[in-house]
Amino acid sequence: MQAVTDEFKRLINIMDDLREKCPWDKKQTIQTLRQLTIEETYELADAITDEDWKGIKEELGDLLLHIIFYAKIGTEQNQFTLQEVINGVCEKLITRHPHIYGDVKVEDAEDVSKNWEKIKMKEGKKSVLSGVPKSLPSMVKAMRLQEKSKQVGFEWENKEQVWAKVEEENNELLEAVASGDKNKMEDELGDVFFSLVNFARFLQLDAENALERTNKKFMYRFTKMEEEALGNGKALHQMTLEEMDAIWNKIKKQ
């Protein structure tokens with residue numbers, strides 16, 4: 001761990017230098033860093049989806065830099081220090097893991113999650129859902145809401161029940177489509193998405209990652225289709241749907 005400590009101190013010293021000497025770093029605030037932090041987080045998510053370990057390592061470094069940057073600004077503003085940030089998360093981990101640092105007994109990871117939510121409520125949370133950030137992407141938020149509500153027993157018994165709910169919501173969507181009511185259609189479409197996320201959760205799949213994999217697959221196939229069309233002397237807008245579909249199916253087989 002000594003090497004890690006030395007490198008951590010090195011990063012802190014570099015941050016101190018940049019904050020003092022670099023015009024760009026000197027003018028940054030928590031507001032200007034916010035969007036950059038979100039971008040870095042998504043870049044890490046991309047690397048994880050691709051299982052790009054080199055990319056994961058790089059993006060973790062970028063996020064660590066942001067943490068040091070926020071802590072530096074917090075110290076300058078007399079709000080908190082890096083030491084307080086670290087000690088705070090250490091205390092939180094100890095408090096929320098009484099099965100490790102106390103005498104609480106657990107059977108499995110599910111028990112750990114339930115205890116975690118109970119402890120958070122004792123800490124002053126008014127709702128088990130209060131820890132879900134408002135700005136999360138909708139699909140991720142749906143997963144977190146479902147996982148949170150599960151901890152107090154608000155949960156289906158099996159995946160067959162969840163799939164029945166998917167079909168029920170799908171039928172309600174079709175009824176809304178038949179009615180022509182756009183507002184109702186949007187409500188029902190949202191219900192279908194939410195129930196599909198729930199089904200993915202019961203299959204122990206990451207719905208957000210599953211959709212992103214499909215997005216990447218579509219982008220790959222579509223750009224390949226563009227390349228092949230151009231190789232044949234045509235742009236896609238000059239082709240019929242049947243011609244494009246034939247190329248698409250060829251790429252799928254490859």
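Helices α8 and α11 are roughly antiparallel to each other, a label for angles over 145 degrees, on a scale from 0 to 180 degrees between N-to-C directions. In this predicted model, local features need pLDDT of at least 70 and side-chain atom pairs pLDDT 80 or more, while totals for chains, interfaces and linings use all residues. Residues are numbered from 1 along each chain as its sequence is written, and side-chain values use heavy atoms, without hydrogens and water.

Two packed helices are described by the angle and the distance between their axes. The axes of α8 (residues 138-150) and α11 (residues 207-231) cross at roughly 155° and come within 8 Å; each axis is a line fitted to C-alpha atoms over the stretch in contact. In α8, M139, V140 and M143 meet A207, E208 and L211 of α11, where contact means heavy atoms within 4.5 Å. Five of these residues are nonpolar, one is charged and none is polar; Ala, Val, Leu and Met are among those counted as nonpolar, and Glu among the charged.

The protein chain has 12 helices and zero strands, taken from DSSP runs of at least four residues for helices and at least two for strands. The radius of gyration, taken over C-alpha atoms, is 24 Å, well over the 18 Å that the globule rule gives for 254 residues, so the chain is more spread out than a compact globule. That rule is 2.2 Å times the number of residues to the power 0.38. Along its principal axes the C-alpha trace spans about 65 × 50 × 35 Å. Buried residues, those under 20% relative accessible area with a 1.4 Å probe, make up 24% of the 254 residues.

Definitions and conventions. Parallel < 35°, antiparallel > 145°, perpendicular 65-115°, else oblique. Buried < 20%, exposed > 50% of the residue type's maximum accessible area, 1.4 Å probe, protein only.
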